[in-house]
Amino acid sequence: ATNTIDGKAIAQEVKREIAEEVGRMRSAIGKVPGLAVVLVGSRKDSETYVRSKQRACEQVGFNSYNVSLPETVTEEEIVEAVLRFNCDPNVHGVLVQLPLPRHICEERVVGSVSIQKDVDGFHPMNVGRLAMQGRAPLFVSCTPKGCIELLLRSGVQIEGKHAVVIGRSNVVGMPAALLLQRQNATVTVVHSHTPNLPELTRNADIVIAAAGVPYMVQGSWLKPGAVVIDVGINHIEDPDSENGYRVVGDVYFAEACRVASQITPVPGGVGPMTIAMLLSNTLDSAKLAYGFFEN
Ligand code: NAD
């Protein structure tokens with residue numbers, strides 16, 4: 001029988017571990033981790049993400065700091081907000097909610113985040129270190145880190161396995177492929193210019209699907225016993241549902257369940273892990289800043 005990997009439950013477990021560690025940090029040194037979020041404009045989805053990050057901080061006992069800037073803000077003003085948080089000793093993680101308005105250069109803004117506080121792992125220095133052997137990034141971006149954590153906590157052996165990553169974006173596909181290599185998997189990255197996707201994915205022991213195409217990965221694309229991590233979050237029309245749409249992944253779940261040994265559902269798979277990893281990165285940053293290490 002196929003095991004459904006319960007990302008919601010695993011994320012809860014991670015958050016419980018973090019909350020306990022925060023409790024011990026507070027008793028030992030009277031400090032807790034702090035996460036700062038800079039939001040620009042009023043995109044509904046970004047506002048929702050920022051609110052859930054704030055709520056997650058409260059759940060585990062972090063302080064959260066939020067700055068909302070209007071759509072018309074200048075690049076300089078965003079960078080200034082970032083620099084203030086970079087200097088604030090109560091703040092251990094600084095992130096700028098993406099995407100930014102079109103007149104802003106994302107690379108410059110993301111590059112202004114201190115690499116010691118880059119808990120999103122988007123700073124080119126952290127990405128570069130992730131790509132280099134023998135180097136360690138200070139932080140790895142949260143969604144791909146969450147995928148690996150799901151594999152590890154589900155007892156999946158990664159070393160020596162063949163993994164296929166569908167998608168090569170900066171936020172998911174590319175760092176996921178680099179992380180799998182660091183776990184000693186053999187990695188194939190496929191993308192929108194790959195002609196023979198089904199054939200390649202059929203070779204995979206582990207599939208990470210991050211293309212943003214609903215129902216793309218069919219049962220016939222999978223090797224029997226494969227482990228499938230579905231990163232896709234796609235909104236499709238559904239007149240029967242309350243808000244007129246439904247969220248589905250990149251994998252045809254019902255079909256894949258008949259072939260895969262383990263699979264993440266959407267929703268309730270990778271999604272909840274992303275924020276859990278953000279909290280984990282922020283805790284790590286605070287521990288470094290305070291020199292607080294247990295054992
Ligand atoms: P993106 O659009 O930046 O990148 C998509 C990648 O998939 C590209 O590299 C592209 O080459 C490839 N691709 C697109 N169509 C393809 C096709 N037909 N066949 C093969 N490859 C194809 O998207 P992204 O930001 O990487 O996100 C991917 C998916 O993951 C989206 O559904 C997104 O909503 C979701 N996502 C989820 C989380 C989360 O769970 N927290 C976080 C980020 C993204």
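Which residues does UniProt list for "domain: Tetrahydrofolate dehydrogenase/cyclohydrolase catalytic" (unreviewed entry)?

## Model and annotated domains

UniProt lists residues 5-120 for that domain, in an unreviewed entry. The structure is a predicted model, in which local features need pLDDT of at least 70 and side-chain atom pairs count only at pLDDT 80 or more, while totals for chains, interfaces and linings use all residues. Residues are numbered from 1 along each chain as its sequence is written. UniProt positions are given in this numbering with feature names shortened, and annotations may be inferred rather than shown by experiment.

Residues 5-120 are 51% helix and 16% strand, and the C-alpha atoms at the ends of this span lie 24 Å apart. Helices (H or I, at least four residues) and strands (E, at least two) are DSSP runs, numbered from the N terminus. A further annotation of UniProt, "domain: Tetrahydrofolate dehydrogenase/cyclohydrolase NAD(P)-binding" (unreviewed entry), covers residues 141-288. This span is 34% helix and 19% strand, with its end C-alpha atoms 18 Å apart.

## Surroundings of the ligand

Around the ligand there are 23 residues, of which Gly-167, Ser-169, His-191, Gly-212 and Thr-274 come nearest; a residue is near a molecule or strand if its C-beta atom, placed from the backbone, lies within 6 Å of it. Helix H10 (residues 270-290) provides the largest share of this shell, three residues.

By class, the shell has 11 nonpolar, 11 polar and one charged residues. Here Ala, Val, Leu, Ile, Met, Phe, Trp, Tyr, Cys and Pro count as nonpolar, Asp, Glu, Lys and Arg as charged, and the others, Gly among them, as polar.

## Helix packing

Helix H2 (residues 44-60) and H10 have axes that come within 10 Å and cross at roughly 55°, where axes are lines fitted to C-alpha atoms, for helices over the stretch in contact, and angles run from 0 to 180 degrees between N-to-C directions. That angle makes H2 oblique to H10, since angles under 35 degrees count as roughly parallel, over 145 as roughly antiparallel, 65 to 115 as roughly perpendicular and the rest as oblique. The contact is made by Ser-52, Lys-53, Ala-56 and Val-60 of H2 together with Ile-275, Leu-278 and Leu-279 of H10, two residues being in contact if their C-beta atoms, placed from the backbone, lie within 7 Å. By class, this contact of H2 with H10 has five nonpolar, one polar and one charged residues.

Helix H6 (residues 142-153) packs with helix H7 (residues 173-182) at an angle of about 40°, their axes being 8 Å apart, and this makes H6 oblique to H7. On the side of H6 the contact is made by Pro-144, Lys-145, Cys-147 and Ile-148, and on the side of H7 by Pro-175, Ala-176 and Leu-179. These residues divide into six nonpolar, no polar and one charged.

## Backbone details in loops

Most residues other than glycine have a negative phi, and most peptide bonds are trans. A cis peptide bond, with omega about 0°, joins Leu-98 and Pro-99, and Pro-99 lies in the loop between strand S4 (93-96) and helix H4 (106-111). The peptide bond from Val-266 to Pro-267 is cis as well, with omega near -5°, and Pro-267 lies in the loop between strand S11 (262-263) and H10.

Asn-184, although not a glycine, has a positive phi of about 70°. Its place is in the loop between H7 and strand S6 (186-190).
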